[in-house]
Amino acid sequence: MASQATLNRTAPELGDGNMTRAKLIGLLNEDLAREYQAVIAYTVYSQVIKGAEYMAVAQELEKHAQQELQHALIIAKQIDYLGGQPTVTPKPVKTSESARDMLQFDLDNETETVAEYRERVKQCESLGEYAMAELIRTILVNEQEHQIDLATALGIEVPDASKARKGGR
């Protein structure tokens with residue numbers, strides 16, 4: 001029979017299904033790279049978006065940039081808590097001369113992020129990381145608000161995040 005010390009060391013690596021702490025660290029680092037991408041995109045877009053109809057949108061994008069930085073800090077802290085090293089590399093940022101294109105890029109990224117964080121909550125819970133799941137839920141609420149803001153600015157319906165595919169933000 002294994003000692004309690006051995007069980008305490010190996011149990012967190014297991015979890016339901018195929019999820020492990022190491023896999024969760026990798027997925028959280030992908031999330032962190034997306035958060036860095038969002039900080040950069042929102043910062044740049046908020047400053048270069050042109051047109052009277054986008055003045056209020058530009059101010060909202062500045063707020064989004066600050067919120068995304070807070071998300072990055074939370075995710076980096078969770079990676080460190082799990083024993084991982086937070087990434088320092090953002091996902092690539094798309095740019096355009098078109099305000100609508102920039103808003104669409106952001107919307108696509110937010111839709112992917114919402115889908116990913118929905119999965120991350122389940123994965124955290126499968127490892128018994130309930131507090132981490134709650135932190136990610138708070139980020140998820142904020143990301144869904146961003147998604148709604150962007151869809152509203154574009155005058156379109158909010159995309160269904162359950163159909164989102166990796167590769168955007």
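**Entry 1: Q147**

Leaving aside its neighbours within four places in sequence, which residues is Q147 in contact with? I took contact to mean heavy atoms within 4.5 Å. With those neighbours set aside, I found L107, E110, T111, V114, V158, P159 and A161 in contact with Q147.

Before going on, I noted what I am looking at: this is a predicted model, in which local features need pLDDT of at least 70 and side-chain atom pairs count only at pLDDT 80 or more, while totals for chains, interfaces and linings use all residues. Residues are numbered from 1 along each chain as its sequence is written, and side-chain values use heavy atoms, with hydrogens and water left out.

I then asked where Q147 sits, and found it in helix α5, residues 130-154. Helices here are DSSP runs of H or I with at least four residues, strands are runs of E with at least two, and both are numbered from the N terminus. Is Q147 buried or exposed? Q147 is buried, because its relative accessible area is 4%. My scale for this is buried under 20% relative accessible area, exposed over 50% and partly exposed in between, with a 1.4 Å probe and protein chains only.

I also looked at the side chain of Q147: one of its polar atoms lies 3.3 Å from the backbone oxygen of P159.

**Entry 2: the whole chain**

Next I stepped back to the protein chain. I read off five helices and zero strands, in the pattern α-α-α-α-α along the sequence. The chain has 169 residues, and 43% of them count as buried. How much of the contacts with a separation of 6 or more comes from residues 24 or more positions apart? The share I found is 80%.

**Entry 3: helices side by side**

I reminded myself that two packed helices are described by the angle between their axes and the distance between the axes. The axes are lines fitted to C-alpha atoms, for helices over the stretch in contact, and the angles run from 0 to 180 degrees between N-to-C directions.

I began with α4 (residues 99-126) and α5, whose axes come within 8 Å and cross at roughly 160°. That angle is why α4 is roughly antiparallel to α5. The cut-offs are under 35 degrees for roughly parallel, over 145 for roughly antiparallel, 65 to 115 for roughly perpendicular, and oblique for the rest. The crossing of α4 and α5 is left-handed; that is, the near helix is turned anticlockwise from the far one by less than a right angle, and clockwise would be right-handed. I sorted the residues of this α4 and α5 contact by class and got 16 nonpolar, six polar and eight charged. In this sorting Ala, Val, Leu, Ile, Met, Phe, Trp, Tyr, Cys and Pro are nonpolar, Asp, Glu, Lys and Arg are charged, and the others, Gly among them, are polar.

Then I turned to α3 and α5, with axes that come within 11 Å and cross at roughly 160°. These two helices are therefore roughly antiparallel to each other, and α3 passes α5 in a left-handed crossing. Among the residues making the contact are L61, H64 and I74 of α3 and L135, I139 and H146 of α5. By class, I have eleven nonpolar, six polar and four charged residues in the contact of α3 with α5.

The contact of α2 with α3 has 17 nonpolar, seven polar and five charged residues.

**Entry 4: single residues**

L69 lies in α3, residues 55-81, and counts as partly exposed at 44% relative accessibility. L69 and Y36 are 33 residues apart in sequence, and I found their C-alpha atoms 7.3 Å apart in space.

K23 is in helix α2 and is partly exposed at 43%. K23 and Q123 are 100 residues apart in sequence, yet 9.6 Å apart in space, C-alpha to C-alpha.

S126 is in helix α4 and counts as buried at 18% relative accessibility. A polar atom of the S126 side chain lies 2.8 Å from the backbone oxygen of Q123.

Not counting residues up to four places away in sequence, S96 touches D101, M102 and F105. The side chain of S96 makes a polar contact with the side chain of D101 at 3.2 Å. By polar contact I mean a pair of N or O atoms within 3.5 Å; within protein, one must be able to donate a hydrogen and the other to accept it, and residues adjacent in sequence count only if both atoms are side-chain atoms. The S96 side chain also reaches the backbone nitrogen of S98 at 3.0 Å.
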